[in-house]
Amino acid sequence: MDTGILILRLLVGLLVAGHGVQKISSHLGGKGLEGGTEEFRADGFRGGALTALAAGGGQIGSGLLLAAGLLTPLAATGTVGVMTVALTVKRHNGLWVQNDGYEYPLVLIGTAVALATGPGAWSADAALGLTPYPLWWAALALASGLGSGLLARLVLHRAPATPAIAQR
């Protein structure tokens, strides 16, 4: 079981971190900070480069912590937060990823919450004697992550422009 949790932590954590690297640099196929900034603007977010840096940095930090199994509930909270924002962006496309839907962010949210219940014996948390985490930590990671993601969406997302015809 610990081997499976380790593999899952490494896979999900490194993918989340890699996705953050793409938002702020040209590494791993990213389009640099300018590309990350443009992506957020195209999705209706204000804040420019600062928004891209915050999202990318949050993904890198939470992904690396998740992969290491270090402060796992905190790492899960960060992952849930950034993936909640992604889910809200893709929500209008429906569930399935082939339609640019929110399937992938939802899987990452669920996986992060599951990992918050315990990073396994082969983790930095276990080596530091921080485990086992009580089950309520997973609930707290979910609630805090969802709350922070929805708050970020509320504060940073611009209202869509109202067409002139609708203003009449």
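Let me start with helix α2: what covers its buried residues includes α1 (2-24) and α3 (48-68). Covering here is a matter of contact, meaning heavy atoms within 4.5 Å. Helices in this talk are DSSP runs of H or I with at least four residues, numbered from the N terminus. The buried residues in α2, which spans residues 32-42, are Gly32, Gly36, Thr37 and Phe40. Buried means under 20% relative accessible area, exposed means over 50%, and partly exposed is in between, with a 1.4 Å probe and protein chains only. After α2 comes glycine 44, with a positive phi near 90°.

A word on the source. This is a predicted model, in which local features need pLDDT of at least 70 and side-chain atom pairs count only at pLDDT 80 or more, while totals for chains, interfaces and linings use all residues. Residues are numbered from 1 along each chain as its sequence is written, and side-chain values use heavy atoms, with hydrogens and water left out.

Now the helix pairs. Two packed helices are described by the angle between their axes and the distance between the axes. The axes are lines fitted to C-alpha atoms, for helices over the stretch in contact, and the angles run from 0 to 180 degrees between N-to-C directions.

How do α4 and α5 pack? Helix α4, residues 72-90, packs with α5 at an angle of about 165°, and their axes are 8 Å apart. The two are therefore roughly antiparallel to each other. For that word the angle must be over 145 degrees; under 35 counts as roughly parallel, 65 to 115 as roughly perpendicular, and the rest as oblique.

Ile5, Leu8, Arg9, Val12, Leu15 and Val16 in α1 meet Tyr104, Leu108, Thr111 and Leu115 in α5. By kind, the residues of the α1 with α5 contact are eight nonpolar, one polar and one charged.

Is threonine 111 buried or exposed? Threonine 111 is buried, because its relative accessible area is 14%. Leaving aside residues up to four places away in sequence, threonine 111 touches Leu8 and Val12. Its side chain reaches the backbone oxygen of valine 107 at 2.8 Å. An α-helix has 3.6 residues a turn, so residues three or four places apart point the same way.

Back in α1 there is glycine 4. Glycine 4 is partly exposed, with a relative accessible area of 41%.

Last, the loops. Aspartate 100 is placed in the loop between α4 and α5, and has a positive phi of about 60° although it is not a glycine. Aspartate 100 counts as partly exposed, because its relative accessibility is 40%. What does aspartate 100 touch, not counting residues up to four places away in sequence? The answer is Lys90 and Asn93. The side chains of aspartate 100 and lysine 90 are joined by a polar contact of 2.6 Å. A polar contact is a pair of N or O atoms within 3.5 Å; within protein, one must be able to donate a hydrogen and the other to accept it, and residues adjacent in sequence count only if both atoms are side-chain atoms.

Leucine 28, in the loop between α1 and α2, also has a positive phi, near 60°, in a residue other than glycine. Leucine 28 is exposed, with a relative accessible area of 58%. Finally, proline 132 is found in the loop between α6 (124-127) and α7 (136-156). The peptide bond from threonine 131 to proline 132 is cis, with omega near 5°.

Terms used. Ala, Val, Leu, Ile, Met, Phe, Trp, Tyr, Cys and Pro count as nonpolar, Asp, Glu, Lys and Arg as charged, and the others, Gly among them, as polar.
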